[in-house]
Each structure stands twice: as structure tokens, then as C-alpha cells.
Amino acid sequence: GSCASPRQSASLSCFRAVRESRSLMVDAGFFSRHDALSAEAQSLLYADGALSETQQNLRSVTSAERSAESQRVANQRKQAQRERRIDRCENSWFYGTTALQPQTWVYGGVSAKIARQKAKLEADRASAPSLQSREAALEQTIEDLKAQAQALQGAVARRRALETEAAGMFESAVAGAPTPQLHSLGKSAAEWQAALGQEQALAAALVEASRGCAAARQRYYSAINALQRAHQTNQGAQFNNVLDGSEFIEHMQQGHRDQLMQQAQMEAHQAGVVLTRALQSVPPAAAARYPQLATGIGHVVMPRLEQNGAGTAMMEIFGGDFGDAVAGMQAGGRIQRNIGVLAQCEQLTAQQEARVNALLQAVRQEAANAAATLQRIEADVLAEKRSIFAALRSRCGGVAAVAAAPVATATAVIGSDPKDHMAATAVQAAWQTRVTGRAAAASPPVATAVAPSGPPVATAVAAPAGGGAPPPAVSPDSWR
């Protein structure tokens with residue numbers, strides 16, 4: 001998977017949506033433009049929640065409209081069915097004769113049946129207009145909700161375009177006036193990002209190794225299960241021999257027993273192969289970093305189980321009942337010994353899995369520490385950028401313009417069209433009553449985290465006057 005942080009992914013998507021078309025001056029007009037974009041974007045924050053609610057309502061109303069349509073169609077079908085019954089009873093000599101319709105004798109005859117069907121037909125016809133009007137109302141509601149959802153989608157696209165342009169202006173202004181502290185923090189963030197990627201790669205490899213150990217244990221369980229069934233089959237054959245039952249059934253049981261023992265051998269072999277591959281995938285870097293946890297990882301036992309040979313088969317075929325009894329006892333002993341061997345192999349595999357999981361937990365803890373440190377450094381980077389931006393704003397409050405790096409300006413994206421903006425404004429006015437009292441969203445909060453026991457954290461401090469050297473940044477290698 002990708003090792004990029006959420007903030008870096010957001011910045012990457014931001015700059016993909018913009019292009020450098022012209023160079024702007026960081027002056028009072030620049031900041032007025034930036035503030036206007038931010039204010040308009042905040043005024044459209046309602047659009048996401050309103051769009052989600054509208055889409056949910058649209059799904060509910062659509063379901064209700066389908067139900068109403070089904071009821072209307074069923075009503076029409078019943079009317080046609082009752083009309084056919086009435087016509088058949090009134091015009092058919094067979095169905096219209098009570099003497100030939102015994103099912104109507106205790107219900108008043110055919111005439112009573114016709115009266116009942118006409119009453120039901122009138123009831124169906126009376127309910128038809130309400131069903132049709134309900135369906136039509138729901139259809140109109142669906143159209144209204146679709147139009148509302150389309151307008152809200154335009155508002156959401158407009159807000160994203162505004163945020164993209166404002167973010168581009170912010171980054172461009174900061175890039176035009178970097179400080180030594182920002183450079184140091186950026187370098188430290190890149191180092192911690194690389195360290196986090198390495199930890200995540202080690203953790204992913206150990207996860208696969210742990211899954212391989214679990215799969216090997218499952219195969220050992222399958223082999224033990226096959227031997228247990230072979231033991232039961234062997235007991236059945238011995239019982240059949242004692243009762244002097246069918247020789248054919250006894251030989252079939254003996255053959256099935258031998259097949260199960262061979263199946264157990266194949267499962268045990270596959271378990272050893274899977275375990276070997278799993279332990280070979282343990283990263284050497286992780287094992288070298290935690291030698292105590294990695295001690296013993298890599299020891300694999302390839303069991304070879306006892307099988308019934310030609311001697312056992314000859315005794316069962318030509319030895320009679322006594323030979324069958326002796327061969328059965330020998331086969332039972334082999335099965336029990338094989339079960340014991342496989343149980344030991346399963347225990348050894350469980351130990352290997354436990355060691356791999358312990359190593360995995362240690363690496364995950366390292367990754368969590370690296371992620372927390374990276375989060376704090378990125379928060380310091382954002383704080384330093386905001387400090388630079390605020391300094392530029394105060395510096396441009398009536399003095400000469402300061403040249404900035406080329407500003408990333410938004411291309412024509414969905415929602416930037418004036419029509420979309422007009423639609424968003426209209427929808428905003430319609431929904432304003434539903435979001436009255438909702439506090440305006442403040443500027444994005446700076447991510448903070450509690451410092452874990454471990455490495456010191458690089459903190460953003462003001463660059464000393466005169467361009468002095470910034471404090472040293474924290475390196476991922478300083479706490480390993």
C-alpha cells in the first residue's frame with residue numbers, strides 16, 4: 001500500500017487539479033482574494049450534509065414510489081379479473097347455472113356470487129384514483145429531490161474548487177518566502193515518512209508470515225483429523241472381524257483406513273512446506289532488530305508418518321481372522337504414534353507463530369511511534385506555514401507588493417462554472433433554514449498527539465533574527 005500520509009495525499013490531489021498559469025503578487029489584493037475564497041467555501045460547508053440527506057430521502061421516496069406503483073398495478077389486475085368473472089357468470093350457460101356450480105350452493109348460488117364480485121369491483125374502482133394520485137405525487141417528489149441533489153452536487157463541487165484554489169494560493173505564498181525552520185521541518189518529515197514506510201513494509205511481511213504459520217497449523221489439524229477417522233475405521237474393521245462379519249466390508253474398511261493414513265501424510269508434508277515458506281518470508285531486518293524475539297524462528301520439522309506396508313496387507317488377505325486381528329492392532333499402534341508426532345509438530349508450529357506475532361507487535365509499535373512523530377512534525381510544518389502566511393499578510397498591509405512564486409490557479413473543474421455557482425447559491429438559500437444555528441467552520445485544526453516515550457519531537461520555533469541556524473530536526477535514526 002501507499003505510505004503517503006493523508007495530508008500529503010490531499011496536497012497531491014490539490015496540485016493535480018491546478019496549473020501554473022501566471023505569477024501573482026502577494027499584496028493586499030492577494031489576501032483579499034484568498035479570504036473571499038475561504039469565506040465562500042465555508043458558506044458552502046452545509047452542502048455535503050444536505051446532499052447526503054437528500055440522497056437518503058431520494059432512496060426512501062423511490063422505494064415508496066415502487067410500492068405505490070405495485071399497488072396500482074395490482075388494483076388494475078384485480079379489476080380486470082373481477083370483470084372477467086362477472087361476464088363469465090352472466091353470459092356462460094355453464095358458469096351461470098347454479099346447479100352446475102356446486103361450490104356456490106352454500107353461498108347463495110351464482111347470483112350471489114355476481115353480486116359479491118360487483119361490490120368488490122366497485123371498491124377497487126373507488127380506491128384506484130387515490131392510488132394513482134399517490135403514485136403521481138411520489139413521482140413529482142422524486143423529480144424535485146433529483147433537481148435538489150443536482151444543485152447540491154454543484155455546490156459541493158464549487159466548494160472543492162474554492163478550497164483547491166485557496167490552498168494553491170496558500171502554498172504558493174509560503175513557497176515564495178520559506179524559512180530555515182520550514183526547510184528543516186520538511187526534511188525531518190521526509191525522513192520520518194521514509195522510516196514509517198519501512199516499518200509498514202516490515203509489518204506487512206510479518207503479517208503474511210503469521211498467516212502462513214496459521215495455514216500450516218490448519219493443515220496439521222487436517223492431518224490429525226484424517227488419522228482420527230482412520231483410527232475409527234480400523235476399530236470398525238476389527239469389530240467386524242470379531243463378529244465374523246462380511247469379509248468384503250472388512251477389506252473395504254481396511255483400504256479406507258490406509259487411504260486416510262496416506263492423506264494424513266500428504267497434509268503433514270504440505271504443512272511443512274507452507275511453514276517453511278512462511279518463515280522464510282520473515283524480514284531479516286526485523287529479526288536483526290529484535291534478536292531476542294526472533295530466536296528460534298525458522299525451525300521446521302518435516303514429519304514422516306508410519307504407513308501400513310505389504311506385510312500388513314498380506315496378513316489381512318491370507319492370515320484369516322487371526323491375521324486380521326494382528327494387522328489391525330499393528331495399524332492402530334501406527335495411527336496413535338502418528339497422531340502424537342503430528343501433535344508435536346502442531347505445537348512447534350504454534351510456537352513459531354507466537355514468535356512471529358511477537359515480532360509483528362514490536363514492529364507495529366515502532367510504526368505507531370513513527371506515525372505519531374510524523375503527525376507531530378507535519379503539525380509543526382503546518383503551524384510554520386501559517387506563521388509565514390500571517391507574517392506575509394501583516395507585511396503587506398499597506399507596503400509595496402512582495403513577489404511570490406507562481407500561483408497555482410484552478411482550471412475549469414466541475415462546479416467552477418457560473419451556472420453551478422448560481423445553482424449552489426439558490427440551494428444554499430433554500431437550505432439555510434435547516435442549518436440555522438450551525439457554527440461556521442473555523443480554520444482547520446492543527447493535528448496534535450501526546451508524545452510517546454521515545455524520540456524527541458521537532459517543534460516549530462521562530463527563526464532567529466538575521467537568519468540564524470534553526471534548531472536541529474529530529475531524525476528517525478536518533479531513537480532506534
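Biologist: In which sense does α2 pass α4, left-handed or right-handed?

Modeller: α2 passes α4 in a left-handed crossing. A crossing is called left-handed because the near helix is turned anticlockwise from the far one by less than a right angle, and right-handed if it is turned clockwise. This is a predicted model, in which local features need pLDDT of at least 70 and side-chain atom pairs count only at pLDDT 80 or more, while totals for chains, interfaces and linings use all residues. Residues are numbered from 1 along each chain as its sequence is written, and side-chain values use heavy atoms, with hydrogens and water left out.

Biologist: How close do the axes of α2 and α4 come, and at what angle do they cross?

Modeller: The axes of α2 (residues 28-43) and α4 (residues 109-175) come within 9 Å and cross at roughly 150 degrees. Axes are lines fitted to C-alpha atoms, for helices over the stretch in contact, with angles from 0 to 180 degrees between N-to-C directions.

Biologist: Which residues of α2 meet α4?

Modeller: On α2 they are Phe-30, Arg-33, His-34, Leu-37, Ser-38, Glu-40 and Ala-41. Their partners on α4 include Arg-158, Leu-162, Glu-165, Met-169 and Ala-173. Contact means heavy atoms within 4.5 Å.

Biologist: How many residues of the contact of α2 with α4 are nonpolar, polar and charged?

Modeller: The contact of α2 with α4 has eight nonpolar, two polar and six charged residues. Ala, Val, Leu, Ile, Met, Phe, Trp, Tyr, Cys and Pro count as nonpolar, Asp, Glu, Lys and Arg as charged, and the others, Gly among them, as polar.

Biologist: How many helices and strands does the protein have?

Modeller: The protein has 11 helices and four strands. Helices (H or I, at least four residues) and strands (E, at least two) are DSSP runs, numbered from the N terminus.

Biologist: Why is Leu-275 called buried?

Modeller: Leu-275, in helix α6 (residues 247-280), has a relative accessible area of 2%. Buried means under 20% relative accessible area, exposed over 50%, and partly exposed in between (1.4 Å probe, protein chains only); Leu-275 is therefore buried. Leaving aside neighbours within four places in sequence, Leu-275 is in contact with Cys-213, Ala-216, Val-300 and Thr-349. Its C-alpha atom is separated by 9.0 Å from that of Gln-352, 77 residues apart along the chain.

Biologist: What makes His-256 partly exposed?

Modeller: His-256 also lies in helix α6. Its relative accessibility is 36%, so His-256 counts as partly exposed. His-256 and Asn-234 are 22 residues apart in sequence and 8.8 Å apart in space, C-alpha to C-alpha.

Biologist: Why does Met-25 count as partly exposed?

Modeller: Met-25 lies in strand β2 (residues 25-26), and its relative accessibility of 39% is why it counts as partly exposed. From Met-25 to Ala-173 is 8.9 Å, C-alpha to C-alpha, across 148 residues of sequence.

Biologist: How much of the protein counts as buried?

Modeller: Of the 480 residues, 36% count as buried.

Biologist: Where does pLDDT stay under 50?

Modeller: pLDDT, the predictor's confidence in each residue from 0 to 100, stays under 50 over residues 9-22. Over residues 398-475 the pLDDT is below 50 as well, and beyond near neighbours in sequence this stretch has 126 contacts in the model. Where pLDDT is low, the predicted coordinates should not be read in detail. The protein averages a pLDDT of 79, and 73% of the residues score at least 70.
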